[in-house]
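Here is a walk through one predicted model, with the cut-offs spelled out as they come up. Have the viewer open and follow along.

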Amino acid sequence: MLLGLGLPGLTARAAEGDLSLQAQWVLGSNDAAANGKPVAPEIEGKLKKLPLKWQHYTLLGTQSFTVAKNDAKTVILGAGCEITVKNLGGERVELTLAGRGKITQSLAKGQTLVTGGNEENSVVVLRQAN
Amino acid sequence: MTLEEQLKLQAWLDGELPPDQAVEMSAWVARDPAAADLVAELRHTRRQLRSVEDAPALPETREFYWSKIERDIQGSAARSPAQAESGLLGKLRLLILPTAAAVVLTVVIWAGHLYPAPVVPAKTAEADTPAVETALASMDATTYRDAREGTTLVWFTDTPRKAPPVTPAPGGPN
């Protein structure tokens with residue numbers, strides 16, 4: 001009985017400070033008939049409000065993962081798209097886009113971090129998992 | 001590698017291929033060393049050509065710059081009705097506000113001495129401003145923040161130090 005009451009509490013404490021994240025690799029294009037799985041309408045709406053030159057977005061890869069506080073996790077979203085996310089605590093993350101650079105940013109629920117680089121038609125979208 | 005394949009690689013590098021073909025080309029470059037070498041060579045050539053262009057250095061593309069101004073104007077237009085004030089009310093405000101601010105400041109300072117504020121993580125706009133480091137010295141990063149949507153865009157641009165390109169690079173912000 002005591003064990004049954006205590007375990008959920010212990011589990012909740014262990015997960016405190018962990019960040020459940022979702023990273024998506026998204027291809028941008030201006031071709032309405034582009035093949036591929038379209039991104040979620042919510043994400044597409046956010047991307048369309050950014051000063052990017054594309055009007056249509058399809059999903060190339062997605063990963064959901066959890067990063068413990070002060071820990072880092074490397075995720076490969078597809079060929080040539082590798083990111084590393086470090087949980088700095090207080091809902092702040094350090095996102096490293098391989099070969100491009102590093103971004104330190106608060107990432108509370110509902111916030112979205114989008115990054116990419118020239119010579120590519122794709123962006124990485126990072127947010128807390130629902 | 002055939003001439004057609006070489007031309008296709010160049011088109012991919014220029015962002016001219018449709019999405020499905022672009023994905024195929026990415027995979028091909030990842031697994032074929034000869035293709036990867038050609039891509040590296042083309043990128044190097046492009047960088048060298050850019051470095052001799054006599055162009056003014058801009059931190060970001062013209063379209064990106066103006067789109068930020070446009071959004072700022074839209075944001076301030078939405079706020080302006082609330083800020084409208086006139087006549088006696090406005091003059092009274094000029095007197096009341098500084099007085100009220102002085103009183104509040106005095107109370108806050110006095111209370112601060114009694115109850116020192118605990119250290120809490122910053123939750124202001126500053127906390128939402130990303131800190132960006134580029135992987136290479138020749139790279140630039142452009143940041144755009146849409147506070148209403150809670151979205152931050154960081155765009156890395158590989159730019160030669162001598163003369164950054166003026167025209168938007170393929171795949172870059174519009």
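## Confidence first

Chain A has a mean pLDDT of 85, and 88% of its residues reach 70 or more; pLDDT is the predictor's confidence in each residue, on a scale from 0 to 100. Among the elements of chain A, strand 9 has the highest mean pLDDT, at 94, while helix 1 (residues 2-14) has the lowest, at 43. A contact here is heavy atoms within 4.5 Å. Where pLDDT is low, the predicted coordinates should not be read in detail.

Some bookkeeping: this is a predicted model, local features need pLDDT of at least 70, side-chain atom pairs count only at pLDDT 80 or more, and totals for chains, interfaces and linings use all residues. Residues are numbered from 1 along each chain as its sequence is written, chains are lettered from A and ligands numbered from 1 in the order in which they are written, and side-chain values use heavy atoms, with hydrogens and water left out.

## The layout of chain A

Chain A has 2 helices and 9 strands, in the order α-β-β-α-β-β-β-β-β-β-β from the N terminus on. Helices (H or I, at least four residues) and strands (E, at least two) are DSSP runs, numbered from the N terminus. Among contacts in chain A between residues at least 6 apart in sequence, 49% join residues at least 24 apart.

Of the 130 residues in chain A, 45% are buried. Buried means under 20% relative accessible area, exposed means over 50%, and partly exposed is in between (1.4 Å probe, protein chains only). The accessible surface of chain A comes to about 6200 Å², with 53% of it belonging to carbon and sulfur atoms; the areas come from the Shrake-Rupley method with a 1.4 Å probe, and for residues only the protein chains shown count as cover.

## Two nonpolar cores

A nonpolar core is a set of buried Ala, Val, Leu, Ile, Met, Phe, Trp, Tyr and Cys residues joined through side-chain atoms within 4.5 Å. In the largest one, with 21 residues, Leu21(A), Phe65(A), Leu77(A), Ile83(A), Val85(A) and Leu126(A) touch the most other members. Strand 1 of chain A gives the most, with 4 residues. A second, separate core of 16 residues includes Leu50(A), Trp54(A), Val114(A) and Leu153(B).

Leaving out residues up to four places away in sequence, its contacts include Leu21(A), Phe65(A), Val85(A), Val93(A) and Leu107(A). In soluble globular proteins, nonpolar side chains tend to be buried together.

## One face of helix 2

Which residues of helix 2 of chain A are buried? They are Ile43(A), Lys46(A) and Leu47(A). Seen down the axis of helix 2, the buried residues fall within an arc of 100°, so they line one face of the helix; the arc is that of the directions from the helix axis to the C-beta atoms. An α-helix has 3.6 residues a turn, so residues three or four places apart point the same way. The cover over the buried residues of helix 2 includes strand 8 (112-117) of chain A and strand 3 of chain B.

## Salt bridges, within and between chains

A salt bridge is a side-chain nitrogen of Lys or Arg within 4 Å of a carboxyl oxygen of Asp or Glu, and the structure holds 4 of them over all chains. One joins Arg127(A) and Glu42(A), at 2.9 Å from N to O. That pair links distant parts of the chain, with Arg127(A) in strand 9 (residues 122-128) and Glu42(A) in helix 2 (residues 41-48), 85 residues apart. Arg127(A) is buried, at 7% relative accessible area, whereas Glu42(A) is partly exposed, at 46%.Lys46(A) and Glu149(B) form another, at 3.6 Å from N to O. This pair crosses between chains, from helix 2 of chain A to the loop between strand 2 (139-146) and strand 3 (151-158) of chain B. Lys46(A) counts as buried, at 9% relative accessibility, and Glu149(B) as partly exposed, at 21%. Glu149(B) also meets Lys49(A) in a salt bridge, at 2.7 Å from N to O. Lys49(A) lies in the loop between helix 2 and strand 3 (56-67) of chain A and Glu149(B) in a loop of chain B, so the pair joins two chains. Salt bridges that share partners join Lys46(A), Lys49(A) and Glu149(B) into one network.
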